[in-house]
Amino acid sequence: MTTLPGDTEQLALAVCRLALNPARGRLRHPHHVGIAVRAALFTELAGSGRLIGLHHPQAIGEAVTGNPLTDALHRAVAGRRPTPWRRWYGHIDADRKAATNALIEAGRWRSEGRRLVDVDPSSTVLQQQQVATLLAAKQAPETLDLALLVLLAGGYGAGSVRPGPKRSRRLAKPWLEPHLQIAGHGGDATLAALRGAFRAMHRANTLPFTSR
């Protein structure tokens with residue numbers, strides 16, 4: 001658990017990075033990954049006090065902070081009339097592409113034609129295995145960011161884990177509520193964003209028997 005990404009890596013980028021199959025140089029379940037990246041951005045906005053809303057997201061606070069991914073989503077929410085959470089997961093390719101480009105610009109990935117090359121594949125594989133171990137044991141990570149990462153990565157199927165949006169949705173409330181109650185991290189918006197994401201993953205799943 002100590003080698004999972006922590007506070008030094010933006011949650012949305014960690015979610016995207018763990019989707020890579022280093023051997024093939026491609027993302028597993030890319031549509032699901034896009035949903036997970038958008039959900040991660042929503043939770044980052046909620047955690048920084050820039051997003052609230054139980055039934056639909058509402059942008060509050062600063063519009064520009066210097067983080068292009070979260071700032072773009074903040075602007076999108078602010079510029080749109082009240083829209084239920086579930087409808088925010090219909091067009092998510094731009095978020096996945098933005099996260100991919102950010103990982104390349106940061107030097108964590110390289111683009112070689114149509115392949116994505118992880119500069120530290122052994123670390124990624126180990127972290128994917130740790131996600132699988134925590135999910136199999138239903139063991140909640142110690143911090144909020146790690147719990148969010150494991151739930152989202154498990155939802156889209158990081159590494160050898162089969163996509164499990166139903167499983168992640170069941171674990172979300174017991175894993176996250178203790179953190180959200182203590183820290184006050186926009187708890188309603190965070191849980192609503194995750195539930196909307198896991199429902200979207202389940203609906204988008206073209207292989208229903210893999211969704212547990």
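**Salt bridges and ring pairs**

Trainee: Where do R96 and D93 lie, and how many residues apart?

Mentor: Both R96 and D93 sit in helix α4, three residues apart, which is about one turn of the helix. Keep in mind that this is a predicted model.

Trainee: What do R96 and D93 form, and at what N to O distance?

Mentor: They form a salt bridge, and the closest N and O atoms are 3.0 Å apart.

Trainee: Is R96 buried or exposed?

Mentor: R96 counts as buried because its relative accessibility is 14%, and the cut-off for buried is under 20%. D93 has a relative accessible area of 38%, so D93 is partly exposed.

Trainee: How many salt bridges are there by this rule?

Mentor: The count comes to six salt bridges. One of them joins D95 to R38, with the closest N and O atoms 2.6 Å apart.

Trainee: Which parts of the chain does that pair link?

Mentor: Distant ones: D95 is in helix α4 and R38 is in helix α2, which covers residues 30-47. The two residues are 57 residues apart along the chain, yet their C-alpha atoms are separated by 6.2 Å.

Trainee: Why does D95 count as buried?

Mentor: Because its relative accessibility is 13%, and buried means under 20%. R38 is at 10% relative accessibility, so R38 counts as buried too.

Trainee: What is D95 in contact with, leaving aside its neighbours within four places in sequence?

Mentor: D95 is in contact with V37, R38 and L41.

Trainee: What about R110, which residue does its side chain meet in a salt bridge?

Mentor: That residue is E112, at 3.0 Å from N to O.

Trainee: What do the relative accessibilities of R110 and E112 make them?

Mentor: R110 is at 40%, so R110 counts as partly exposed. E112 is at 42%, so E112 also counts as partly exposed.

Trainee: Changing topic, how many aromatic pairs does the structure hold?

Mentor: The structure holds three aromatic pairs. Among them is F42 with W85, an edge-to-face pair at 5.0 Å centre to centre, with 80° between the planes.

Trainee: Where do F42 and W85 lie?

Mentor: F42 lies in helix α2, and W85 lies in the loop between α3 (68-78) and α4, so the pair ties together parts that are 43 residues apart in sequence. Both F42 and W85 are buried.

Trainee: And why is the pair of F42 and W88 edge-to-face?

Mentor: Because the planes of the two rings are at 90°, and planes over 60 degrees apart count as edge-to-face. The ring centres of F42 and W88 are 6.0 Å apart.

Trainee: How many residues apart in sequence are the parts that F42 and W88 tie together?

Mentor: 46 residues: F42 is in helix α2, while W88 is in the loop between α3 and α4. W88 is buried, and so is F42.

Trainee: Which residues do the ring pairs link into a cluster?

Mentor: The cluster consists of F42, W85, W88 and Y89.

Trainee: Which residue lies over the face of W88?

Mentor: R80 does, at 4.4 Å from the ring centre.

Conventions: Residues numbered from 1 in each chain as written. Predicted model: local features only at pLDDT ≥ 70, side-chain atom pairs only at ≥ 80, totals over all residues. Heavy atoms only, no water. Buried < 20%, exposed > 50% of the residue type's maximum accessible area, 1.4 Å probe, protein only. Contact = heavy atoms within 4.5 Å. Salt bridge = Lys/Arg side-chain N within 4 Å of Asp/Glu carboxyl O. Helix = DSSP H or I, 4+ residues; strand = E, 2+ residues; numbered from the N terminus. Phe/Tyr/Trp six-rings, centres within 6.5 Å; stacked < 30°, edge-to-face > 60°. Lys NZ or Arg CZ within 6 Å of the ring centre and 35° of its normal.
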